[in-house]
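Subject: Structure for you to look at

Hello,

Here is the structure I promised. Please open it next to this email and follow along.

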Amino acid sequence: MKAERYRFPICYHALPIKWKLTLWSALLLFLLFGAYNIVQYVFVERWMIKEEQASTQQDMREILNVLLEKEFRFEESEYSRIRSYLEKVNQSSQLIRVFDEKGLPIIAVSDDFPNEWIADNDAVLRANDNQSFSLDNMLVMRSPFTIFEFHGTVEIVKSMEDFEKLINAFLQVMLLCGLGAVMVSAFGGRLLARQLLRPLQAMNETMRRVKQNGLQERIQLTGSKDEIHSLMNLFNEMMDQVERSFAQQRQFVEDASHELRTPIAILEGHLAMLRRWGKQDPAVLEESLDISLHELARLKGLVQELLRLSRAERSVSGDEAREADPTPILSRLIKHAAALYPSFRFEAELEDLGGIRLAISEQHLEQIFIILMDNAVKYSGDSRTVRIRGAASDGQATLAVIDCGIGISEESLPYVWDRFYRADKSRSGEQGGYGLGLSIAKRLAEGCGGTIQIDSRLNEGTTVTVTFPEKIK
């Protein structure tokens, strides 16, 4: 019994989503159509019954009015005249009877009315005192009247058989329409499910192609601008990011391998030389040790830069305070730089930053501007001036580091954020850079909701602008 009870849900869950959508949409359309037909059927049935009752009641009023106007005394001599009048106003499948005060029928006229129905239901009719009621598909209406000394009752019994036939025919039409609605609903549900699932099927096919052909596959966007189009566009953007991430990761591994290979090869060569014969010569031994220590320092610096980049990509930890006052921090950094590079002049314009606080930790703000100021010094060329400017407006603070140095060429400018990229490899090599500083600064700035951009002209100078959101108090 349990297996039989849960067979349907298991089979339903095993269905593809397109058939689930087909079933539910078809069921919904059918229920809506069925509910509409039921309401329509009940309304029409009640309306027709009320119309029949109103028509019979109107006939009753006309009969009573005629009887009262002509002042019939309801004596046997007048029965023929009354019967003649009632036969004229009587309708098909209808019975009109007049009862005396004892409840005995004295006049009765009928037109195609089943007499056996009166015999079968006479006792029930006599026992029922209601003025209007239904009995075996018959509408019975009574009305008492008084003329002179006569107290009687007029009874109209109208057959509802034609009405029942009409209602049954209407019901059959509705059932046939309901059957057609089931077929139309199934077909419409199938079309609806197919239309709704087409973008998802396109996404599924694109994912299959990505698995087979690589990350370059994308969904072909349609002309509509609905939510499905937004989902497809978001999928393409996500795939762009994934492809870029894999490309950057591959480039990172290649660049890191290239950067590490040179000092390792130098160390290996000198150690091999010392092992073979150089350890017997004090001058060669001293030179090899100096070179090895220098290369080890390079390796250490490179590893530290990679660790900084990794921490920057992880952004700020959850328990670290993300609030910094930029004025004292930048002032302190400028003093340290002036002491470290006495031949340079550092100009600060930080008056507009008074009283604001930035949504970034002090450590990360320091690290960003140490990188930017260090780059400005390294690539200043013959210029010896570095300017740091700050301004605040509309809930944001804009900080800029400006130099008048060698600048960056237009073709190199888009790649300065890439890891290990150096626009001027010969000069940067002399300065001991690794090409990771700007990547670290970009990750730290974006990690707190800020932005960073570079404007530069070759041999004219470089401006690095960083925008941070203000801390909401």
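**What I found**

Just after helix 12, Gly 449 takes a positive phi of about 90 degrees. Helices (H or I, at least four residues) and strands (E, at least two) are DSSP runs, numbered from the N terminus.

Some ground rules come next. This is a predicted model, in which local features need pLDDT of at least 70, side-chain atom pairs count only at pLDDT 80 or more, and totals for chains, interfaces and linings use all residues. Residues are numbered from 1 along each chain as its sequence is written, and side-chain values use heavy atoms, with hydrogens and water left out.

**Confidence**

pLDDT is the predictor's confidence in each residue, from 0 to 100. Its mean over the chain is 79, and 85% of the residues reach 70 or more. Confidence is highest in strand 10, at 93, and lowest in helix 11 (residues 425-431), at a mean of 45. Two stretches need care. Over residues 1-8, pLDDT stays under 50, and the model has zero contacts there beyond four places in sequence. A contact means heavy atoms within 4.5 Å. Over residues 425-430, pLDDT also stays under 50, with four such contacts. Where pLDDT is low, the predicted coordinates should not be read in detail.

**Helix 12**

Now back to helix 12. Nine of the eleven residues of this helix (residues 437-447) are buried, so it is largely enclosed by the rest of the structure. Buried means under 20% relative accessible area, exposed over 50%, and partly exposed in between (1.4 Å probe, protein chains only). Among the buried ones are Leu 438, Ile 440 and Lys 442. Lys 442 also meets Glu 446 in a salt bridge (2.8 Å, N to O). A salt bridge is a side-chain nitrogen of Lys or Arg within 4 Å of a carboxyl oxygen of Asp or Glu. The two residues are four apart in helix 12, about one turn of the helix. Glu 446 counts as partly exposed, at 41% relative accessibility.

Five strands form an open sheet in the order 2-1-5-4-3, with antiparallel pairing. Two strands pair if DSSP finds at least two bridges between them. Strand 2 (105-111) and strand 3 (132-135) are the edges, and each pairs on one side only.

Look at strand 1 (residues 94-99). Six bridges join it to strand 2, and six join it to strand 5 (residues 150-159). Strand 1 and strand 2 form a hairpin with five residues between them. In the turn, Gly 103 has a positive phi of about 85 degrees.

Is strand 1 buried or exposed? Six of its six residues are buried. Gln 94, Ile 96 and Val 98 are on one side, and Leu 95, Arg 97 and Phe 99 are on the other.

Follow Arg 97. It stands opposite Ala 108 in strand 2, and its bridge partner in strand 5 is Glu 155. Arg 97, Arg 142 and Glu 155 are also linked in a network of salt bridges.

**The cores**

A nonpolar core is a set of buried Ala, Val, Leu, Ile, Met, Phe, Trp, Tyr and Cys residues joined through side-chain atoms within 4.5 Å. The largest one has 41 residues. Phe 346, Leu 365 and Phe 468 are among those with the most contacts inside it. Which helix gives the most to this core? Helix 10 does, with eight residues. Apart from this core lies another, of 22 residues, including Phe 74 and Met 141.

The salt bridge count comes to eleven. In one of them, Glu 366 meets Arg 332 (2.4 Å, N to O). Glu 366 lies in helix 10 and Arg 332 in helix 9, so the pair ties together parts that are 34 residues apart in sequence. Glu 366 is partly exposed, at 23%, and Arg 332 is partly exposed, at 34%.

Another joins Lys 378 to Asp 374, with the closest N and O atoms 3.0 Å apart. These two are four residues apart in helix 10, so about one helical turn separates them.

Best wishes
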